[in-house]
Amino acid sequence: MEFKTIIEPFRIKTVEPIRGRSRSERERALAAAGNNLFLLKAEDVLIDLLTDSGTGAMSSHQWAGMMRGDESYAGAKSFYRFEAAVQAITGFKHVIPTHQGRAAERILFGTAVSPGEIVPNNTHFDTTRANVEYRGATALDLPCPEGRQPQEYHPFKGNIDLEALERVLQEKRGQVPLAMVTVTNNSGGGQPVSMANIRAASELCHRYGVPFFLDACRFAENSWFIKLREEGYADKTAMQIAQEMFSYADGCTMSAKKDGMANIGGFLALNDDDLAQRCKNLLILSEGFPTYGGLAGYDLEAIAVGLHEALDENYLRYRIRSVEYLGEICMHNDIPTILPTGGHALYLDARALLPHIPWYEYPAWTLSLLLYLEGGVRAACIDSVMFGRQPDGSELPAANELVRLAFPRRVYTQSHFDYLAEVLVYVKELAPRLRGLRLTYEPPVLRHFTARLEPAHGQLLAD
Ligand code: F0G
């Protein structure tokens, strides 16, 4: 008998208590944080879905691995175990550890990208975009057309627009130092990229002599979606699918805080000997010696084990299904989300839920404040606060106004999801009374992290 309930494929060995606050306590906390959820104290949050990055629970194997950590400055055993684990999955010749994903980005772009150049990607994540722009180059997003339509179903909405990519490669010959595809496409809704799309993007880039990189943060989740949705992959393992994905690329940047199942860490991996040497030289300047790259030996051990645990199919089945479960509840209650549900997160479509709040009053941000006030739930916004300010100082609407509920790995259980569903249904009923916001402070870059806002019309919820 196959029972239909998909259980959490682990039992809990250590627990961390969480405690609710009253609504008035949350109101005070939010006011002190300038209506920016990043500026809250984590202890004032009940269910923290700000990010799936570095927030996962490690396994007993990872903790055991940490005890084996070799803290030698150079040539530690931990580095070689880490290198072997990365190479078994990616096949890349050079593996360069970094303290997290954005350090790998800074080192890659700092070495390979020059001012005035263009880096295409299906959709840059915010730090990826910022690191390209910091080099004086242009970060060009080329999502496939379906990826721009939140409520349209397509199995691989994370795909890069191949025609647009070819046009850029042709028209900007000599100005594209590398192209990237982000798996899964985080800013576009945690949507997967198909193997066919990765293969075709790689072939295009190579035809024009341009190196092709993956932003591989969620490579295991992307592999699982390929297994579920792409013809010809149902009988392959997630590991085999991941290996094929990486085989089309010349290198990758990786945040091990996602599908590395670790609390910190990342890497840059690539095949080109000369580029790798130049990257290592820059690494030594700011991150550390190339066999630790800003990490402790025990971090390298945790990642070596975690990368392989992320490809465990029981884990992937439970993880992707739990997000889908919450998505189905939203659908039945007319709460607009990006469809189909993505890998690491559920994305609420605030533009559709709050048509009365214009983009320049930040509907997604407003909705995220209400989720916190009513339910103690902390989410993040991928919206016009994040992307509105342009390098030339002007302000434009983001492609979408999204509230992202990102799920830490192996942390929350079914009853947490049921609680979330209740909060979402309640907040949806209040949505017509919600009013917009205005900025009172913004820093020059990555403004969503430290901006402060206030209600634009006296109060957040109209009577
Ligand atoms: N690329 C993608 C697609 C990401 O989602 C992230 C981080 C990074 C690169 C940078 O990695 O944080 O280790 O420096 N995303 C987190 C998030 C922060 O919440 O989505 P990092």
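In which hand does α14 pass α16 in their crossing? The crossing is right-handed. This is a predicted model.

- Domain 1 puts 32 residues into the contact, and domain 2 puts in 36 residues.
- About 2700 Å² is buried between domain 1 and domain 2. Carbon and sulfur atoms give 56% of that area.
- Which three residues supply 20% of the area that domain 1 buries against domain 2? They are E313, L316 and P340, and they supply more than any other three residues.

**Helices α14 and α16**

- Two packed helices are described by the angle between their axes and the distance between the axes.
- Helix α14 covers residues 363–375, and helix α16 covers residues 414–430.
- Their packing angle is about 120°, and their axes lie 10 Å apart.
- α14 and α16 are therefore oblique to each other.
- On the α14 side, the contact is made by L367, L370, L371, E374 and G375.
- On the α16 side, the contact residues are Y419, V423, L424, Y426, V427 and L430.
- By class, this contact of α14 with α16 has nine nonpolar residues, one polar and one charged.

**Helices α1 and α14**

- Helix α1 spans residues 23–32. The axes of α1 and α14 come within 8 Å and cross at roughly 145°.
- α1 contributes R23, R26, E27, A29 and L30 to the contact.
- α14 contributes L369, Y372, L373, E374 and G375.
- The contact of α1 with α14 divides into five nonpolar, one polar and four charged residues.
- E374 and G375 of α14 take part in the contact with α1, and E374 and G375 also take part in the contact with α16.

**Helices α4 and α5**

- Helix α4 runs over residues 101–112, and helix α5 over residues 126–134.
- Their axes come within 9 Å and cross at roughly 25°.
- Why does α4 count as roughly parallel to α5? Angles under 35 degrees count as roughly parallel, so α4 is roughly parallel to α5.
- The crossing of α4 past α5 is right-handed.
- From α4, R102, E105, R106 and F109 meet T127, T128, N131 and V132 of α5.

**Backbone details**

- Most residues other than glycine have a negative phi, and most peptide bonds are trans.
- V183 and T184 are joined by a cis peptide bond, with omega about -20°.
- T184 sits in the loop between β5 (179–182) and α7 (195–207).
- L339 to P340 is a cis peptide bond as well, with omega near -10°.
- P340 lies in the loop between α12 (313–332) and β9 (345–349). P340 is also one of the three residues that supply 20% of the area domain 1 buries against domain 2.
- Y362 is not a glycine, yet its phi is positive, at about 55°.
- Where is Y362 found? Y362 is in the loop between α13 (350–353) and α14.

Methods: Residues numbered from 1 in each chain as written. Predicted model: local features only at pLDDT ≥ 70, side-chain atom pairs only at ≥ 80, totals over all residues. Heavy atoms only, no water. Axes fitted to C-alpha atoms, helices over the stretch in contact; angles between N-to-C directions. Helix = DSSP H or I, 4+ residues; strand = E, 2+ residues; numbered from the N terminus. Parallel < 35°, antiparallel > 145°, perpendicular 65-115°, else oblique. Left-handed = near helix turned anticlockwise from the far one by under 90°. Contact = heavy atoms within 4.5 Å. Nonpolar A, V, L, I, M, F, W, Y, C, P; charged D, E, K, R; others polar. Buried area = accessible area lost by both parts, 1.4 Å probe.
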